[in-house]
Amino acid sequence: METYTRPLLLMFFFSVLFYGADSSTTKGSRALYGCDQCHRIKEQDISTTRVRNYPDEKDIDIIATYSDATGHVRLARLKMRGLSDSWIWENPTHGNNEHQMSSQGLVESFHTDSRFEDNPKHSTDERYPEESRIRIPHSASMTPVKIKRRIMRQERRKARAAELIQQDKETDNHIVSAAIERSEGFDTTVKGKYSIWRREYKNPNSDSNLKLMRDQIVMAKAYTNIAKSKNKTVLYKALVKHSRESQQAIGASNSDAELHLGALDRAKAMGHVLSIAKDQLYDCLLVARKLRVMLQSTEDSVNLQKKRSAFLIQLAAKTVPRPLHCLPLQLAADYYLQGHHKKVNLDKEKIEDPSLYHYAIFSDNVLATSVVVNSTVHNAKEPEKHVFHIVTDKLNFAAMKMWFLINPPSKATIEVQNIDDFKWLNSSYCSVLRQLESARIKEYYFKANHPSSLSVGSDNLKYRNPKYLSMLNHLRFYLPEVYPKLNRILFLDDDIVVQKDLTPLWSIDLKGMVNGAVETCKESFHRFDKYLNFSNPLISNNFSPEACGWAFGMNIFDLKEWKKRNITGIYHRWQDMNEDRTLWKLGTLPPGLITFYNLTYPLDRGWHVLGLGYDPALNLTEIEKASVIHYNGNYKPWLNLAVSKYKTYWSRYVMLDNPYLQVCNLSE
């Protein structure tokens with residue numbers, strides 16, 4: 001039985017007895033508290049503590065019946081004058097109907113407080129809403145002032161409630177508007193990005209049948225192996241047959257809507273066969289072992305596909321498309337046919353004038369180099385003061401010369417050089433060329449079928465491209481030797497686009513540093529430990545793993561400080577120590593970080609924005625405000641792999657009306 005810890009009021013009976021001088025009101029009245037079996041409670045005299053608003057009102061005796069904690073019925077006798085204001089009562093002089101209504105109000109008020117004797121002043125107005133209580137006319141004790149105050153309180157509550165509701169509506173409208181605006185900005189065309197607006201996310205259970213059938217095929221393969229090992233030939237053939245049919249029904253489907261019409265029937269048939277297989281072959285340990293074997297096999301297959309995918313992406317990124325192969329051939333043929341190779345048109349004064357703005361571009365890509373030059377000149381305030389020093393290889397030298405002969409940039413000066421003409425750049429002086437002659441490097445790069453070539457470099461395919469041994473890449477470490485009469489030079493990669501005037505870079509105070517570059521580290525990304533092997537003491541004892549990396553692609557170099565600090569000698573020393581490729585993987589950025597360690601001045605990030613060649617989620621506002629944008633990565637703007645929304649920044653500087661581009665079918 002449940003124990004009641006406080007009295008439960010069962011019911012109340014009120015009897016009103018009037019005492020006074022008028023005998024007609026007391027005639028025939030009986031005392032209701034004359035029961036000998038009832039407990040009497042001594043009447044409390046509170047006449048001295050309570051002052052009524054109506055002195056002529058006659059006192060009233062009230063007898064209340066209730067049950068105590070033990071369940072016994074008790075009677076309580078009270079005086080009308082002893083009641084609190086929370087008791088709703090009517091003037092008894094208003095008649096029988098009003099007297100009855102006041103009694104009901106008193107009963108209701110008594111119900112609101114189960115601790116009647118302990119807390120007689122508990123208000124019913126705070127416990128129950130007004131519409132849930134019996135509506136009782138105002139008692140005689142309610143003065144006009146109290147009534148007015150109550151009305152005003154109710155009006156204030158209504159006004160406040162309306163205000164809060166209005167604020168909630170405004171907040172909801174603002175949230176909805178913001179959500180709509182944000183959804184309109186979603187780019188659902190980005191590969192590999194999750195978007196709730198895609199078709200497959202409209203219904204979270206849209207591919208439940210497809211998932212079921214794929215799971216059935218997995219279990220069927222497990223039971224097939226078990227059935228074969230236990231010579232269950234009939235069951236084995238049934239599992240193979242239904243697995244093949246289910247696979248055909250799935251095909252290339254990615255959701256239930258794309259499934260074959262009879263796919264559900266195939267799933268039911270497969271379920272029936274799996275049920276039979278479970279009854280005959282199920283062994284928990286055996287099935288678990290088979291599933292683990294299948295999981296391992298699947299993981300190996302996925303890893304193999306990842307390697308193949310990485311190789312194909314690198315192959316597509318480094319292979320020269322047919323139009324780009326056509327362009328230099330056409331230009332080189334006309335260069336020699338028209339006799340331009342016999343002409344010498346160089347402005348030696350400008351080329352060696354240190355007061356002008358000099359750029360270094362090392363590239364074998366004619367079209368890409370033309371975009372760098374065109375974009376720089378187009379945004380320059382004084383193009384006649386800009387000098388471009390272009391170095392290319394023997395294969396593309398004639399084409400590069402021919403392009404700028406027939407398409408000279410406005411007022412700017414162009415110098416095109418052949419890297420093979422730098423006789424001082426040989427294996428006795430250059431560490432990279434000396435390493436290229438070693439048998440180990442030749443085996444690693446040029447014997448593709450050799451086991452070491454496949455295994456050692458499989459995890460870093462991008463570093464195994466021979467371009468990282470190209471001297472056009474490493475020529476950036478020999479700038480003072482290439483341009484001995486210059487004091488400052490701005491190095492530009494061929495996969496950048498210039499969007500603003502770059503002349504302020506020559507007036508930046510590098511504070512004694514050699515290299516001015518934009519840092520690439522954000523939080524824990526692109527720090528030295530990403531590029532260098534800190535498990536090797538040569539690295540860990542000389543560099544900090546938390547040191548911030550920076551970008552090659554747009555760098556202002558102080559060639560005077562370069563010579564003073566013997567930067568090329570530092571590069572040679574570290575390049576020789578990394579002949580076995582244990583300090584860093586091949587490339588130019590890791591040796592650059594080492595060579596210019598504590599010698600790099602950080603430029604403002606607005607000068608150089610990177611990532612357009614691999615990150616499709618860059619901030620477009622930052623791209624448009626940047627002085628230079630860099631397509632570093634595999635998705636170069638001249639390839640079909642390019643990110644479409646970034647391609648227009650590059651293609652606007654391509655001379656699409658050029659006859660050579662039209663002959664080679666080069667279009668946007």
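**Terms and their grounds**

Author: In this predicted model, the residues of helix H4 that meet helix H5 are Leu235, Ala238, Leu239, His242, Ser243, Glu245, Ser246 and Ala249, and their counterparts in H5 are Ala263, Arg266, Ala269, Met270, Val273, Leu274, Ile276, Ala277, Gln280 and Leu281. By class, this contact of H4 with H5 comprises 12 nonpolar, four polar and two charged residues.

Reader: Why are H4 and H5 called roughly antiparallel to each other?

Author: The axes of H4 (residues 233-250) and H5 (residues 263-281) come within 10 Å and cross at roughly 150°. Angles over 145 degrees count as roughly antiparallel, and H4 and H5 are therefore described as roughly antiparallel to each other. The crossing in which H4 passes H5 is left-handed.

Reader: What makes S8 and S12 edge strands?

Author: The open sheet of three strands has the order S8-S13-S12, with mixed pairing. Strand S8 (496-498) and strand S12 (608-609) each pair on one side only, and that makes them the edge strands.

Reader: How do you know that S8 and strand S13 pair?

Author: Pairing requires at least two bridges between two strands, and three bridges join S8 to S13 (residues 628-630), the two strands running antiparallel. The bridge partner of valine 498 is valine 628 in S13.

Reader: Which residues of helix H22 are buried, and what does the word require?

Author: Buried means under 20% relative accessible area, and in H22 (residues 644-651) the buried residues are Tyr646, Tyr649, Trp650 and Ser651. These buried residues pack against helix H9 (366-378), S8, helix H21 (620-625) and S13.

Technical notes:
Residues are numbered from 1 along each chain as its sequence is written. This is a predicted model: local features need pLDDT of at least 70, side-chain atom pairs count only at pLDDT 80 or more; totals for chains, interfaces and linings use all residues. Side-chain values use heavy atoms; hydrogens and water are left out. Axes are lines fitted to C-alpha atoms, for helices over the stretch in contact, and angles run from 0 to 180 degrees between N-to-C directions. Helices (H or I, at least four residues) and strands (E, at least two) are DSSP runs, numbered from the N terminus. Angles under 35 degrees count as roughly parallel, over 145 as roughly antiparallel, 65 to 115 as roughly perpendicular and the rest as oblique. A crossing is left-handed if the near helix is turned anticlockwise from the far one by less than a right angle, and right-handed if clockwise. Contact means heavy atoms within 4.5 Å. Ala, Val, Leu, Ile, Met, Phe, Trp, Tyr, Cys and Pro count as nonpolar, Asp, Glu, Lys and Arg as charged, and the others, Gly among them, as polar. Buried means under 20% relative accessible area, exposed over 50%, partly exposed in between (1.4 Å probe, protein chains only).
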